[in-house]
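Please read the following notes with the sequence and the model open beside you.

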Amino acid sequence: MSLSTTPRACFELLRWLGPWADDDAVPSGVSCSEFVIEGEGDDRDLDVLVYRPTDAEPTGAWVITPGFHFNGPADPRFVRLASVFARAGNLVFCPTIPDLQRQIFDPRMITDFERAYAACCRHPAIRQGFAPAVFSISFGSLPTLRLAAHPVWRDRLPGAVVFGGYIDWETSLRFC
C-alpha cells in the first residue's frame, strides 16, 4: 500500500474537488467506522473515524487532522473531504484531537496526535511497515509538522500536506 496515485484516484479527486464540484455533495461508495485508542496513565482516550471505499481495496492511506472546530472530524466539510479521499481509493483515518476540538492550544495535542498516528500505522488494514501520509487543516498543521520532524517518524512519513490560511493571524483568531 502506498499513496494512491492511480488514474481512478486522480479522476475522483478532480471530480469531487474541482471548481465544478458541488461543495455540499458527498460521494457514495464509502463506508465509515470508528475505533478508540485507549489512554494509559495521563493519556486520554482518542476516537478515530476510518473511511474506506466500498467497491475496491484501498491503494493508499492518509491521516487527516482537523483544525480548530467544535465538531472535530464530524464537521460536514471534514466528512466530505474524508469521503472524497476514500472514494479516490484511500483508507482515511480522522482522529479526534480533544484540544483542537475544544479550540485551545495545549502541548498534549501534539502527543495525542503522535499516539493517534502510531495507532493508525498499526491498524489491521495497514500493511506492516507502511505509514500513511498526513493531510492537516489549519491549526492541525502544528501537530502534523511536529510529527514530520519527530525522530521516530520523519524518515517513515511518506508525505505531509498542510492546508490553511495563516497569513493573517487576527483573521485566523476571529474565525476560531
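1. Is Ser83 buried or exposed? Ser83 is buried, because its relative accessible area is 4%, where buried means under 20% relative accessible area, exposed means over 50%, and partly exposed lies in between, all with a 1.4 Å probe and protein chains only. Ser83 is found in helix H2, which covers residues 76-87; helices (H or I, at least four residues) and strands (E, at least two) are DSSP runs, numbered from the N terminus. Leaving aside residues up to four places away in sequence, Ser83 touches Val26, Pro27, Val30 and Tyr51, a contact being heavy atoms within 4.5 Å.

2. A word on the basis of these remarks: this is a predicted model, in which local features need pLDDT of at least 70 and side-chain atom pairs count only at pLDDT 80 or more, while totals for chains, interfaces and linings use all residues. Residues are numbered from 1 along each chain as its sequence is written, and side-chain values use heavy atoms, with hydrogens and water left out.

3. Turning to the sheet, six strands form an open arrangement in the order S1-S2-S4-S3-S5-S6, with mixed pairing; two strands count as paired if DSSP finds at least two bridges between them. Strands of a sheet pair through backbone hydrogen bonds, either parallel or antiparallel. Strand S1 (30-37) and S6 stand at the edges with a single partner strand each, so one side of each is left without a neighbour in the sheet. From one strand to the next, the twist averages 20°, with angles taken from 0 to 180 degrees between N-to-C directions and axes being lines fitted to C-alpha atoms, for helices over the stretch in contact.

4. S3 pairs with strand S4 (residues 90-95) in the parallel sense over four bridges, and Val63 stands opposite Phe93 in S4. The chain passes from S3 through H2 to S4 in a right-handed β-α-β crossover, meaning that, with the strands pointing away from the viewer, the path from the first strand over the helix to the second runs clockwise.

5. Four bridges also join S3 to strand S5 (residues 133-137), and these two strands run parallel; here Thr65 stands opposite Ser136. S5 in turn pairs in the parallel sense with strand S6 (residues 160-163) over four bridges, where Phe135 has Val161 as its bridge partner. S5, helix H5 (residues 141-149) and S6 make a right-handed β-α-β unit.

6. Why is helix H4 (residues 108-121) described as largely enclosed? The reason is that twelve of the 14 residues of H4 are buried, among them Met109, Phe113 and Tyr117.

7. Finally, a search of the whole structure finds zero disulfides, a disulfide being a pair of cysteine sulfur atoms within 2.5 Å. For Cys94, the nearest cysteine sulfur, that of Cys32, is 7.4 Å away, and Cys94 counts as buried at 0% relative accessibility. For Cys120, the nearest cysteine sulfur belongs to Cys121, 7.1 Å away, and Cys120 is likewise buried, at 0% relative accessibility.
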